[in-house]
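Biologist: Hello! Could you walk me through the inside of this protein?

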Amino acid sequence: MIIARVDHDQMTVLAEMLSAEALPIGDLEALYSRFYRFDDGNGLVGFGGLEGTGPDRLLRSFIIASPRRGKALGGAMLAALERAAADEGATCLYLLTTTAAPFFRRFGYGPAERADAPAPIADSAEFRSLCPADAAFLSKRIC
C-alpha cells in the first residue's frame, strides 16, 4: 500500500468521499491536521487523518472507498496512520465514530470517557461540535 500526504488538490476528493457518507468536513482545514491518501495497484483505497501536535492525537476522517470495503484493507490503512502518528511523537490516539466502533475495537481501540479527554482532543471541532454527543469515543495507546 502506498501512503502519501494529501495536497490541496486532493482535499476535494477527500471532502466528497466524506460528504457522501455524511461524515464531517467543516474542519478539514483545521490547524495541525494532516491527511493521507492510501492507494494500491488497483487505485484509491481511502483516506485518513491525524490532528494535533502533542502526545495525544485525534485520528479523523478515516474512510475507505466504497468499492474497496470488505477487502481487509482498512487494517493496513490504520496501521500506517498509527505508525505516522508514532513517528511524529504521538503516544495515544483518540477517535469519535457513530458507525465504525466495531472496526476500531478489532484493532485495539477501547472506550474512553469523554470527561477524561485530553485538552487538545476536547478542544477539537470534531469533539466540541461536529460529532454528535452519542458518538463512540475510543482511544488506543500506540507507544
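Modeller: Gladly! A nonpolar core is a set of buried (under 20% relative accessible area, 1.4 Å probe, protein chains only) Ala, Val, Leu, Ile, Met, Phe, Trp, Tyr and Cys residues joined through side-chain atoms within 4.5 Å. This is a predicted model, where local features need pLDDT of at least 70, side-chain atom pairs count only at 80 or more, and totals for chains, interfaces and linings use all residues. Residues are numbered from 1 along each chain as its sequence is written, and side-chain values use heavy atoms, leaving out hydrogens and water.

Biologist: Which residues have the most contacts inside the largest nonpolar core?

Modeller: That core has 23 residues. Those with the most contacts inside it are L59, F62, F104 and Y109.

Biologist: Which element gives the most to this core?

Modeller: Elements are DSSP runs numbered from the N terminus: helices (H or I, at least four residues) and strands (E, at least two). Those giving two or more residues include β2 (33-40), β4 (56-64) and α2 (74-87). With six residues, the top contributor is α2.

Biologist: Which residues does F62 contact, leaving aside neighbours within four places in sequence?

Modeller: Contact means heavy atoms within 4.5 Å. On that basis, F62 touches F47, G48, G74, M77, L78, L81, F103 and F104.

Biologist: How many residues are in the second, separate core?

Modeller: Among its members are L18, F35, L44 and F47.

How values were computed
Buried < 20%, exposed > 50% of the residue type's maximum accessible area, 1.4 Å probe, protein only.
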